[in-house]
Amino acid sequence: MRGRVGIDKTERIHSESGNLYDKQKRGKGDRLPPPQLDEKGQLTAEEVAKRRSGSVETKDVVLGDVRSEDGVIYARYAVMTQRGYHPHWPHKENQDTYHITPTRFAFGEGDALFAVFDGHGQRGHECSAFAEAKFPSLLAQHIKKARAAKNAARLKGKPQKAKEPGAFHPRRWPYLDVKDYERCCREACLDCNRAMHEDSKASVGDTMSGTTAIAVSFHAGRMTITNVGDSRAILGYRIDAEFLQSTTPREEEKKEIGEHSELDEDDECLVTEDGKELRAGDIVAIALSEDQTPYRKDERERLKNSGARVCTIDQMEGIDPMHENWGELDVDADVIPRVWCNDHNYPGTAFSRSLGDSVAEHVGVNAEPEILTKRVTKGDEILVIGSDGIFEFLTNQRIIDICAQCADPLHACSSLVDASYEKWLQQETRTDDITCIVLFLSSMIPNDVEVVKELIRQKHQVMRVEKKMYRDSLIPSIPQDHF
């Protein structure tokens, strides 16, 4: 599920002329001075500190079904972002934005919204800022409208109840079920995308720019993950004895983990994505979103059915033969699958869904979100929401392991940004914008082992596909005469 090694996959190909001109001004007509670099050509510690912002302390909040004692979720949270550094574009804006409404989101007691937006393209900062301002309000509108309508239906034909004090107050509104709540999330994404297109005529340029969106909203004791693009939400789930007992194969069917190339469904739930055998008390990383990129076969087919070409730059220029076995290799920008118009060499997006990107929308790059809902239970202890600057060189499991070693979410945010930034310095001459929201959760709701097992199996299915793509990519392909 990674598909992200070596470069920032959401950075669009662009001409350096014009794009690298720094428009930020200190005053009227004055340029900003260049950042201070050390002897290695990297930002000094003081410069890094200037580029970092976010929480100054960890905050506590009560989430979940506050009408029920057992449904309460105690949460602690923090956020941190660090502006990236491009040597040829030293004052490039931070194109990451985030939004946090920690309580009473959409009038809901125990409801909250945590979201990250990662802009791309020359005007990506405008797109992510627009989405950060617009998406939460649109989502809140849809939720309030749906809950108010449900409350009105509850009171219909019951005049005595309708006359009771507070009968129409939001505290009395019924909760939405999963289907209705997910419908609100979907409509909010599509409405935000349309609004961005319409606003592009005024202030936001989304013709060849856009943004990802990863949002986690809490309602009625559940968390709903809404994903457009390749930012991520991952869960740190603590394994208990019940989980191990429910997944351990019968004695006569046991296998030694690691001795077989393929694991059965029960065996898959006993190892992390890094291959470590799970034991009671371990915290395993569970992906709550899946990257929407041309690496995914289902996304490629959808794009091609919309009239897109999907190939790398080298394939487009005839340097490499045509194939679709790109795998998870350590590659550069010229050998990453991208989305192109059928008869033009643009837009070249390395993602398959986004908000904005009106040109790419004509060939299937749309704002249709993938949505997942899960009840928050006792085993759900860590939640990380972040842009790909966090995930580029760190596995999901490594990220959860770092958080598990920290005393509080603020410490976790700082440690994640430090670890990600260090990896960027080791791998690249530049660093991407890095943003993460970390929540530590505490719930007394019993675990739903089958739900967790299914989420882990889905993760392993994606890993198997990537492993096969890697093996296939080592086999020479037969050249094609046309796309």
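Tutor: In this predicted model, strand β9, which covers residues 232–238, is joined to β16 by 6 bridges, and the two strands run antiparallel. Within that pairing, Arg 232 stands opposite Gly 386 in β16.

Student: Which strand pairs with β16 in the antiparallel sense over 5 bridges?

Tutor: That is strand β17, made of residues 434–443, and here Leu 383 stands opposite Leu 439 in β17.

Student: How many of the 7 residues in β16 are buried?

Tutor: Strand β16, which spans residues 380–386, is mostly covered, with 6 of its 7 residues buried.

Student: What does Leu 383 touch?

Tutor: Leaving aside residues up to four places away in sequence, Leu 383 touches Val 216, Phe 218, Met 223, Ile 234, Leu 288, Ile 437, Val 438, Leu 439 and Leu 441. Leu 383 is also among the residues with the most contacts inside the largest nonpolar core, which has 35 residues, and others in that group include Phe 218, Met 223 and Ile 385.

Student: Which residues does the second, separate core include?

Tutor: That core has 31 residues, and Ala 78, Phe 393, Tyr 421 and Trp 424 are included in it.

Student: Switching to helices, what span should α5 have, going by its 22 residues?

Tutor: At 1.5 Å a residue, helix α5 (residues 178–199) should span 32 Å, and because its end C-alpha atoms are 31 Å apart, the two values agree.

Student: And which residues in α5 are buried?

Tutor: Among them are Tyr 181, Cys 184, Cys 185, Ala 188, Cys 192 and Ala 195, along with Met 196 and His 197.

Methods. Residues numbered from 1 in each chain as written. Predicted model: local features only at pLDDT ≥ 70, side-chain atom pairs only at ≥ 80, totals over all residues. Heavy atoms only, no water. Core = buried A, V, L, I, M, F, W, Y, C linked by side-chain atoms within 4.5 Å. Buried < 20%, exposed > 50% of the residue type's maximum accessible area, 1.4 Å probe, protein only. Contact = heavy atoms within 4.5 Å. Helix = DSSP H or I, 4+ residues; strand = E, 2+ residues; numbered from the N terminus. Expected span 1.5 Å × (residues − 1). Pairing = 2+ DSSP bridges.
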